[in-house]
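Hello,

Here is the structure I promised to pass on to you. Have a look at it first, and then read my notes below.

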Amino acid sequence: MQDSGISILFKGVNFQRLMGGLWVTLRIALITIGLSVVLGLAFGLLMLSRRKALRAVCRAWLEIVRFMPQLVLLYLVYFGFARLFGWDLDGETSAVIVFTFWGTAEMGDLVRGAVSSIPLHQRESAAALGLTPLQAYRHVLIPQTVRRLLPQAINLSTRIIKTTALVKMINVTEVLKVGQQIIGQFYRLREAPFWVYLTIFILYFLICWPISALAGRLEKRWA
Amino acid sequence: MDWSFITAHVPDFLAGAWVTLRFGLYGVACSVVLGLLCSLVLAYRVPVLRALVRAYVELSRNTPLLVQLFFLYAGLPRIGIRLSAEACAVVGLAFLGGGYMAEAFRSGLEAVDRTQREAGECIGLTLPQTVRYVVLPQAFATAAPAVFANMIFLIKETSMFSVLAMMDLMNVADTLRTSGGRTIEVLSMLVIAYVAILLPVSVLATLVERRMRYAGFGHQHSV
């Protein structure tokens, strides 16, 4: 009897292998998100600085990393740095560097947007009520900023997760690569590629969808 | 820098840029049409279709293009659906972009006040006429910044066409890099080529946005 191919997912440890590959992407995404949030908060404050030159430098950084396709940036670091500086970075490290540069800039822009969307009268009203600046931050300004920032930051993290799929192109053995290895091993199963790629598609969806749904809900509730 | 290498390979990059630009634009055009149709279904709450469109928008926005392309190009042929690389590129980009464009247009449509539609009805316009002459022009003006941002995002995403064995910019660069060993020259040309494509698009987007604002579409005029 002809095998339909879906069985490839459950042959041996194939499913565990795919999950292992997925973990490689997720690990890169999680490290990137962690670094981007911390560095992005600082970057956002720099973007709000009173010094024009500093703001201009930050703006230039943001525009440059936003302008270039992620894949080009990955190539520049992975292939270019090795050639220029002799740094032989592995794929995962290059990916974390590139995505963090990008994530930090995007996160910083979100922080800037959230902070500057708080009207000045909020600060003044807090002062009029007799709150100290520290109290004003604690009870008035930070809560409002967080409400604007959090949904967008959560959305950014799904973008980072989706972008990490690109690491396949710089020779990281992530879920697509593992999928190809499995397909190669079971090349006799004609429909195997269909089921493997469909599974990877669904896996990404199952990770990103709940996160962006959460962001959407928070946005609606706090709007 | 090996200038003779660079001048010798300018035609390769021009050819690659043409592939990137051409299929990027096809994809963008299909995304705009698909997204607009989807947004109308969502905004006017067309029964049944609405649930389908919602599912589609979530699927397209929560999965990476790279995975979508692998599924289209390497998965689908195994169950008898065979698309050329070029068709996969356009279908993939339209699948991804349609979801993003739908969201952009939907928020534009929702920003148009209900009274506009009622006013259209009052002066005897049919629903399609109201949509065409009253609602859409205003919705476009509000949606324009998001739509243009999506266009630039989609053109950047074309960098993934190289997995489809298309000779786009990325693939041209990859081929030259692996064969010639002139990594720095190749990467520099790659960056310049993307700047040459993306810069005019983003300048054009800014100009059109500004013009639409001058035209005063979508602004609330007091009666």
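Helix H4 (residues 91–116) and helix H6 (residues 133–163) of chain A pack with their axes 9 Å apart, at an angle of about 160 degrees. Helices here are DSSP runs (H or I) of at least four residues, and strands (E) of at least two, numbered from the N terminus. Axes are lines fitted to C-alpha atoms over the stretch in contact, and angles run from 0 to 180 degrees between N-to-C directions. H4(A) and H6(A) are therefore roughly antiparallel, a label for angles over 145 degrees.

Which residues make this contact? From H4(A) they include A:Phe99, A:Met107 and A:Leu110, and from H6(A) they include A:Leu149, A:Ala153 and A:Leu156. Being in contact requires C-beta atoms, placed from the backbone, within 7 Å. The contact residues divide into 10 nonpolar, four polar and two charged. Nonpolar covers Ala, Val, Leu, Ile, Met, Phe, Trp, Tyr, Cys and Pro; charged covers Asp, Glu, Lys and Arg; the others, Gly among them, are polar.

This is a predicted model, where local features need pLDDT of at least 70 and side-chain atom pairs 80 or more, while totals for chains, interfaces and linings use all residues. Residues are numbered from 1 along each chain as its sequence is written, with chains lettered from A and ligands numbered from 1 in the order written.

Now for the whole chain. Chain A has eight helices and zero strands. Its C-alpha atoms fill a box of roughly 80 × 45 × 25 Å along the principal axes. Of the contacts in chain A with a separation of 6 or more, 78% join residues 24 or more positions apart.

Enjoy exploring!

Conventions
Two residues are in contact if their C-beta atoms, placed from the backbone, lie within 7 Å. Angles under 35 degrees count as roughly parallel, over 145 as roughly antiparallel, 65 to 115 as roughly perpendicular and the rest as oblique.
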